[in-house]
Amino acid sequence: MASVRLVNISRRFPDGSLALSNVSLEVEDREVVTILGPSGCGKSTLLRIIAGLDHPTGGEVWINGRPAAGIPPRSRDVAMVFQSYALYPHMNCYQNLALNLVLKKVPREEIDRRVRETAEMLEIGDLLDKKPRELSGGQRQRIALGRALIRNPQVFLFDEPLSNLDALLRERVRHELKQLFARIQATVIYVTHDQVEATTLADRTVVLDRGVIQQAGTPETLYRMPANTFVASFIGSPAMNLIDARLEAGKLRIGERQIDTGLDASGIFRIGVRPEAIRIADGMPAKVALVENLGARFLIEARVDGVPLMVLADERPAADSLQLQIDPKDIHVFDKESGKNIRSALDSRRIHP
Ligand code: ATP
């Protein structure tokens with residue numbers, strides 16, 4: 001069983017800054033978990049702690065049912081792939097791939113077999129004689145991946161492995177990684193600030209902000225029922241519309257119209273509606289302020305009585321005014337102060353009375 005359990009992990013640096021605060025997470029055997037968050041939220045620190053390259057100032061890391069404290073990185077049976085690839089420039093690709101096994105004094109024939117096997121899996125057989133400087137970014141990334149794979153570790157840790165690649169290549173390598181994860185059936189913890197990477201690769205995604213887990217769940221759950229405004233605005237593209245509005249006994253007023261959210265709540269709330277959940281159909285009159293052509297669809301900035309709403313539409317609007325419809329089930333209601341999703345708070349109370 002290759003599982004990772006984090007129990008109340010905190011990391012305070014000597015300068016007093018708190019990079020991680022009470023992070024608890026269980027990653028199951030063969031699960032692919034992505035950790036998503038903005039720059040500086042503590043993603044790399046968390047991975048480094050799992051790898052044993054850094055140490056928590058509070059809490060415990062368990063790997064395969066055993067506490068990892070005191071176990072050095074090389075004995076943790078985890079392999080990390082870095083954004084910078086971390087290849088040795090003076091060695092050719094064969095030597096880069098073989099290095100870890102050489103250090104472990106694995107017999108030469110077995111090293112050769114595993115290098116060839118790994119090279120075949122990643123389709124890098126023709127690069128083995130080249131030095132890293134003779135490779136493209138995508139090829140270097142593949143060698144770095146090979147260095148992790150060849151160790152056959154229990155757990156793979158990825159630290160933004162695609163961020164040095166251009167957009168097209170990133171998409172291709174992302175597909176390859178997805179297939180690879182399915183093939184090697186490994187436990188993977190993958191850190192990224194890119195929501196598409198996070199949700200396409202993951203069984204489960206953990207959203208981190210300022211060292212605190214905001215929500216952990218399947219990509220579908222994060223999209224459909226974001227726990228708070230941070231997750232709501234971080235997941236989904238174009239981003240969710242968030243406006244402050246008044247509810248009266250659950251009825252939301254936008255312009256002249258009222259929409260019944262079905263919630264038993266009154267007061268000012270932060271209301272969220274995804275641009276793709278707003279339909280152009282008989283309903284609220286709106287003015288078109290701006291239209292962006294996204295290729296397959298159009299992003300329209302509409303104004304309902306001055307309230308700006310982004311709308312994702314299949315067609316370019318035919319006139320300067322249109323009508324918009326929102327299904328009550330697509331309205332997210334968040335507490336204005338805490339940012340918490342009122343509906344998911346109610347649901348979890350219903351499930352756990
Ligand atoms: P990025 O996506 O930019 O790499 P990240 O989410 O990986 O960011 P970390 O590198 O884990 O973030 O850093 C988390 C926080 O801890 C940041 O605010 C950073 O400035 C701080 N930090 C990291 N290392 C140290 C250190 N050695 N001393 C003090 N503060 C640090």
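Colleague: How far apart do the C-alpha centres of domain 1 and domain 2 lie?

Modeller: Keep in mind that we're looking at a predicted model. Here the two C-alpha centres are 38 Å apart. As for where the domains run, the assignment gives 4–230 for domain 1 and 239–351 for domain 2.

Colleague: And how many residues of domain 1 are in contact with domain 2?

Modeller: Eight residues on the domain 1 side are in contact with 13 residues of domain 2.

Colleague: Let's step back to the whole protein. What does the C-alpha trace span along its principal axes?

Modeller: About 75 × 45 × 35 Å. The protein has nine helices and 19 strands, and 47% of its 353 residues count as buried.

Colleague: What about the accessible surface, how much of that belongs to carbon and sulfur atoms?

Modeller: The share is 48%, out of a surface that comes to about 17,900 Å².

Colleague: How do I read contacts by sequence separation? What share comes from residues 24 or more positions apart?

Modeller: Take the contacts with a separation of 6 or more: residues 24 or more positions apart account for 65% of them.

Colleague: Now the ligand. Which residues are the closest to it?

Modeller: Ser39, Gly40, Lys43, Ser44 and Thr45 are the closest, out of 13 residues that surround the ligand. By type, that shell divides into four nonpolar, six polar and three charged residues. Helix α1, residues 43–51, gives the largest share of the shell, with three residues.

Colleague: Which side chains have an N or O atom at a listed distance from a ligand atom, say for Ser39?

Modeller: For Ser39, a side-chain N or O atom is 2.6 Å from an oxygen atom of the ligand. With Lys43, the distance from a side-chain N or O atom to a ligand oxygen is 2.9 Å.

Colleague: Let me pick one residue from the shell. Why does Thr45 count as buried?

Modeller: Thr45 counts as buried because its relative accessible area is 13%, and buried means under 20%. Its place is in helix α1.

Colleague: Which residues does Thr45 touch, leaving out those up to four places away in sequence?

Modeller: Thr45 touches Arg11, Phe13, Ala19, Leu20 and Asp54.

Key
Residues are numbered from 1 along each chain as its sequence is written. This is a predicted model: local features need pLDDT of at least 70, side-chain atom pairs count only at pLDDT 80 or more; totals for chains, interfaces and linings use all residues. Side-chain values use heavy atoms; hydrogens and water are left out. A residue is near a molecule or strand if one of its heavy atoms lies within 4 Å of it. A polar contact is a pair of N or O atoms within 3.5 Å; within protein, one must be able to donate a hydrogen and the other to accept it, and residues adjacent in sequence count only if both atoms are side-chain atoms. Helices (H or I, at least four residues) and strands (E, at least two) are DSSP runs, numbered from the N terminus. Ala, Val, Leu, Ile, Met, Phe, Trp, Tyr, Cys and Pro count as nonpolar, Asp, Glu, Lys and Arg as charged, and the others, Gly among them, as polar. Buried means under 20% relative accessible area, exposed over 50%, partly exposed in between (1.4 Å probe, protein chains only). Contact means heavy atoms within 4.5 Å. Accessible areas come from the Shrake-Rupley method with a 1.4 Å probe; for residues, only the protein chains shown count as cover. Domain bounds come from an automatic or database domain assignment.
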